[in-house]
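Notebook open, model loaded. I'm jotting down what I look up as I go.

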Amino acid sequence: MTAAQDAARALFAELSHGPAAGAWSAPGRVNLIGEHTDYNDGFVLPFAIDRRTHVVLGTNDGGDIRVASTFADAPVVVPLDGLDRIFPTTGQPAVPEWAAYPLGVAWALRHAATAPQVGVDIAIASDVPVGAGLSSSAAIESATATALNDSWRLGLDPVALARIGRRAENEAVGAPTGIMDQMASMLGRADAAIFLDCRSLDAEIVDLGFAGAGLQLMVIDTGVTHAHSTGGYRDRRDACERGAAALGVPALRDLSVDDLGRAERMLDATTFRRVRHIVTENQRVLDTVRTLRAQGPAAIGALLDASHASMRDDFEISTPALDTAVAAAGAAGAIGARMTGGGFGGAAIALTPHDRVDEVALAAASAFDEAGFAAPHVFTVTPSDGARRDE
Ligand code: GAF
């Protein structure tokens, strides 16, 4: 039992007068490659990680949904039939932001399924770092959705639950994200990544084989947290939609690298660079999948590096700290490194030979120190299983 599982149990005992009906969990994710391509109907290659959000749930007969989290001082209690008055919101949710994730999932589930729903007490604890670009929010959504789907006997499949999580994130929390994170958290498999076509939602499992190739996936968390409900993420999404409209395609997914000459002639310089990132990143995802299958993970380093350069120079979502992490990791022996997630903060990943892990961690720490950044939090992650019932 992990500390987060223990914490969820202890919190449930404080929250609820009744017994627990069960315990569920869902992981955060690392995106190996394919950044900002999801809301452009494109391709992504994330994997679920061995950091999870745990939910302990029991029923109550008051018809309320009561949620408590180790992130918060006090529980939030809402009548189930009051959820429609809270969501959807524009701007600030009418509940504390952390509570908008599980309550938003309950709200979206009530709209998606007609089965009768009883009151529930939900206790949440997590060891997914918040704001690090590892999808702590999708982990909460997927764990809550899986627990409620079982408890309310809704019978929804994992892809339907991923859509529920995204609806909560988009409409209850107000973050205009795509569906990658929820799909990774729902569908993850040990030692594998999810190759997802974000238009059809067809998903294939791609073996990663890091351990067999003598590699570890390091996370270098800059400690600079980000939020996708504001600022740069929305701006990049708008630029992509503008680019697709100007080029007469439903989504940037419908362009290939052969269209970039025409795009450059038709678009202003900034929009063109945003478009070029998406078009080349989609191609890099396809190339990474092909390379993993044909040659294994030791051959994908250059694709990870090229992805980072594209995010830094064309999409402009990296930060000086992320660039420092990537450069230090490469110089100390990582075979490839890139920022992961939405950007504007969060973490970089570095695919690193076992015998270089300590050097990479030391190099990142000393490069951050020299540049005057706060010390990074460096750790390794293992590709792991998706959302599940644990007890
Ligand atoms: C965040 C979003 F939630 C995802 O949908 C995706 O767009 C990602 O940023 C960037 O690839 O994690």
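Which way does H4 pass H6, in a left-handed or a right-handed crossing? I find that H4 passes H6 in a right-handed crossing (right-handed if the near helix is turned clockwise from the far one by less than a right angle, left-handed if anticlockwise). I note that this is a predicted model, where local features need pLDDT of at least 70, side-chain atom pairs count only at 80 or more, and totals for chains, interfaces and linings use all residues. Residues are numbered from 1 along each chain as its sequence is written.

Next, the geometry. I get about 55° between H4 (136-151) and H6 (180-187), with axes 9 Å apart (lines fitted to C-alpha atoms over the stretch in contact, angles from 0 to 180 degrees between N-to-C directions; helices are DSSP runs of H or I, at least four residues, and strands are E runs of at least two, numbered from the N terminus). On the H4 side I list Ala138, Ala139, Glu141 and Ser142, and on the H6 side Asp181, Gln182, Ser185 and Met186 (contact is C-beta atoms, placed from the backbone, within 7 Å).

Then the domains. An automatic or database assignment gives domain 1 (3-206) and domain 2 (208-381). I see 35 residues of domain 1 in contact with 40 of domain 2. On the domain 1 side, E2 gives the largest share, seven residues.

Last, the ligand. I count 13 residues around it, with Glu35, His36, Thr177, Gly178 and Gly342 coming nearest (C-beta atom, placed from the backbone, within 6 Å).

Key. Contact = placed C-beta atoms within 7 Å.
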